[in-house]
Amino acid sequence: MASTTVARGPASGGAQRAKRKAPFPVEFYRSALGKKYVMALTGIMLMGFVLLHMIGNLKMYLGPEEFNHYAEFLRELLVPILPRTVALWGMRLGLIAAFGLHIHSAYSLTRMNHAARTVKYQSPRDYAAANFASRTMRWTGIIVGLFLIWHLFDLSWTGTPGMTFVRGEAYQNVVSSLSRPVVAAFYVAANIALGIHLFHGAWSLFQSMGWNNPRFNVWRKNVAIAFAAIIVIGNVSFPLAVQFGIVHVN
Amino acid sequence: MTELNLTLKVWRQAGPDAPGSFDTIEAKGINDEMSFLEMLDIVNERLINDGKEAIVFDHDCREGICGTCSLMINGQAHGPQKGTATCQLHMRKFHDGQEIVIEPWRATAFPIVKDLMVDRSAFDRIVESGGFITAETGGASDANLTPIPKPVADAAMDAAACIGCGACVAACPNSAANLFTSAKVSHLNLLPQGQAERYSRVEAMVDTMEEFFGSCTNHGECQEACPKEISIDFIALMNKDYLKSKFKNRRMLSRR
């Protein structure tokens, strides 16, 4: 019968001594709750990026001069204080770190969760609260991650087959890329996946950060829905605008 | 009263490490005023009369206050009725001719003892690690000696309603015990009597929880399954106190 009992730790005094083995951030990140805080904080950073990226891209509707001027402005951010592109690279490094931590915490928490139920339910589950978005976070996350790599190749690094890529000509590159119907459809699909991911993530972060107050709890879900909707509507409009000829070269 | 003829698909497993499978058992002539556990009693009585082995399941008070009964009924912890344990679920919630699938709680930390019975002592490990307060000894002090605002007492009572049945873990797609742990942490952390160990408690109980269970991804499935309808607000409260515990330094001057 030994295997029926869960191995017990020390029965006494766990609460009496809080041992500190590693520096606070490392110690905190080792716990699942700490990883959820990191997931939420990096999520907020990435949400900020996604929102500014979408707003910046709206310049597309003002024509090539405005759009390319904005792209150049990003490189010259804080220029009298810092050399050219340094501020931009600072933000990029911050985002890379946020992505890395977001993915690593998601990966290790997933491993932990799989280990917590090695034998699955043998009959179908009937979920009462878990929705499509919350149960597909891992998949929508992977889709968005893969899309991001494609997106960087497509419009930042090399261009992709079937388009003319000129480094620095942001507006012309966007129009050239999105005028391919298959690519436009891919951008739409990836942004819908992003919206589903944000729908759960933007609500979930409030709980993970412990931001819970009866005064604003009703707003947490509304904020998440509004945020996801704004991002999806904005981002999906770009491939559609190019496809329908609203945004074009000349 | 109406009689129900049901088909049960019950998980049978001879022991912790034995392979298990679903066993189809006919349950005919079930009174719809019975509780779910009384229905299982009838089925067991018939199995015994037929010289077969009875279905092993956990039960005790049968009035929803002890947290002993469990059962995943048609994919829902404690069955289709919200805010009740399996013992408070009545057969009138089912219809004649229905197939009912009964499975034990599934979690690595809840190993199956036999059939539908699981070992939930991982919960005891969590409570042991911090579910206590420091109290003065001697004669009992007057009631209401410590003033507690009514909303605080109410919130603490809502958390203290947890009966430790494990439905939250069973319902959670990640097998996380955050609702259980947060209820046990919060009912003491909210009250003045629990302040002395507030931060060491949350740290110890969360760390013990993470040795056994998965992590919370905020599905909200646990609060739907909870027979006491404990809110996931307590999980947020626990998260907040856990972060604070990492910053708190209660070592006073002249201590190294």
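1. In this predicted model, the centres of domain 1 of chain B and domain 2 of chain B, taken over C-alpha atoms, are separated by 30 Å. The domain assignment of chain B places domain 1 at 3-113 and domain 2 at 121-255. To the contact, domain 1 of chain B gives 19 residues and domain 2 of chain B gives 16 residues; on the side of domain 1 of chain B that touches domain 2 of chain B, 9 residues are nonpolar, 8 polar and 2 charged.

2. Between the chains, the contact draws 55 residues from chain B and 47 residues from chain A. On the side of chain B that touches chain A, two or more residues come from each of β5 (99-103), α2 (121-130), α6 (198-212), α7 (221-225) and α8 (233-247) of chain B. That side of chain B divides by class into 21 nonpolar, 18 polar and 16 charged residues.

3. Helix α2 of chain A (residues 32-57) has 26 residues and should therefore span 38 Å at 1.5 Å a residue, with which the 36 Å between its end C-alpha atoms agrees.

4. Which residues of α2(A) are buried? They are A:A32, A:L33, A:G34, A:K35, A:K36, A:Y37, A:V38, A:M39, A:A40, A:T42 and A:G43. The cover over the buried residues of α2(A) includes, from chain A, α1 (24-30), α4 (86-116) and α8 (181-208), and, from chain B, α6 and α8. Those two helices of chain B, α6 (198-212) and α8 (233-247), are also among the elements listed for the side of chain B that touches chain A.

Conventions:
Residues numbered from 1 in each chain as written. Chains lettered and ligands numbered in written order. Predicted model: local features only at pLDDT ≥ 70, side-chain atom pairs only at ≥ 80, totals over all residues. Domains from an automatic or database assignment. Contact = placed C-beta atoms within 7 Å. Nonpolar A, V, L, I, M, F, W, Y, C, P; charged D, E, K, R; others polar. Helix = DSSP H or I, 4+ residues; strand = E, 2+ residues; numbered from the N terminus. Expected span 1.5 Å × (residues − 1). Buried ≥ 20, exposed ≤ 12 C-beta atoms within 10 Å, placed from the backbone.
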